[in-house]
Amino acid sequence: MQKFLNLIALICILAVGFALFSQHVLDMRPCAWCVFQRLIFLAIAAVCLLGNLVSANIVKRFIAFIVFVLGIGGMLSAWYQYDVAAQMFSCDMTLADRVIAKHLALDSAIPWLFGIYATCMDAAVDLFGIEYALWALALFAFITIAAVVLLLKKNPERQYIFHQG
């Protein structure tokens, strides 16, 4: 189970790395919702990596449940960015802007990672003909499905105990 959680963490870190590459090398300015999704990816990675500190399967299942919830949140944020925020002239005072800039102040604390430099309308860019928000939505969906697989996976130790009689 932990190898799977580590793989999810790696995928999340790579997603944020690609976002940073897109921002700093390809000059694609992120909006509040882009940055909010970075935060969710990093939260998923951190939660998954916490599983390395515990050995109890029940705790790892709880971690998988948290990943599931964060994955759903990521899907909702990516969908909102694509379907609603991309049509708005400003992301100011939306949930993403309030969390990143007002409540956590991440945009000023770590601007190279969480800086908000574009409106959602301006940040609607494509990669291979598909908007970034849809790529993020697909990745969050994959992570959410992976978390469900972990939650439904049978515990090998339990199977062994039951087979012993």
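Is Cys48 buried or exposed? Cys48 is buried, because its relative accessibility is 0%; here buried means under 20% relative accessible area, exposed over 50%, and partly exposed in between, with a 1.4 Å probe and protein chains only. Before the close-ups, note that this is a predicted model, where local features need pLDDT of at least 70 and side-chain atom pairs count only at pLDDT 80 or more, while totals for chains, interfaces and linings use all residues. Residues are numbered from 1 along each chain as its sequence is written, and side-chain values use heavy atoms, with hydrogens and water left out.

**View 1. The whole chain, end to end.** Eight helices and two strands make up the secondary structure; these are DSSP runs, numbered from the N terminus, with helices being H or I of at least four residues and strands E of at least two. Starting at the N terminus, the order reads α-α-α-α-α-α-β-β-α-α. The chain has 165 residues, and 38% of them count as buried. Take the contacts (heavy atoms within 4.5 Å) between residues at least 6 apart in sequence: 79% of these join residues at least 24 apart.

**View 2. The largest pocket.** Its volume is about 480 Å³, that is, the space filled by probe spheres set on grid points joined across faces, edges and corners. A pocket here is an open set of points on a 1 Å grid over the protein atoms alone, where a 1.4 Å probe fits, with protein on both sides within 12 Å along at least five of seven lines; lining residues have an atom within 4 Å of a point. There are 22 lining residues, and Ala15, Phe18, Ala19, Tyr132 and Ala136 sit nearest the centre. Helix 1 (2-24), helix 2 (32-50) and helix 7 (132-152) each give two or more residues to this lining. By type, the lining has 16 nonpolar, three polar and three charged residues. Nonpolar covers Ala, Val, Leu, Ile, Met, Phe, Trp, Tyr, Cys and Pro; charged covers Asp, Glu, Lys and Arg; the others, Gly among them, are polar.

**View 3. Cysteines without a bond.** Searching the whole structure turns up zero disulfides, a disulfide being a pair of cysteine sulfur atoms within 2.5 Å. Cys34 is in none, and its nearest cysteine sulfur, in Cys31, is 3.3 Å away.

**View 4. Asp97 in its helix.** Asp97 belongs to helix 4 (residues 95-103). With a relative accessible area of 7%, Asp97 is buried. Cys31 lies 66 residues away along the chain, yet the two C-alpha atoms are separated by 8.7 Å.
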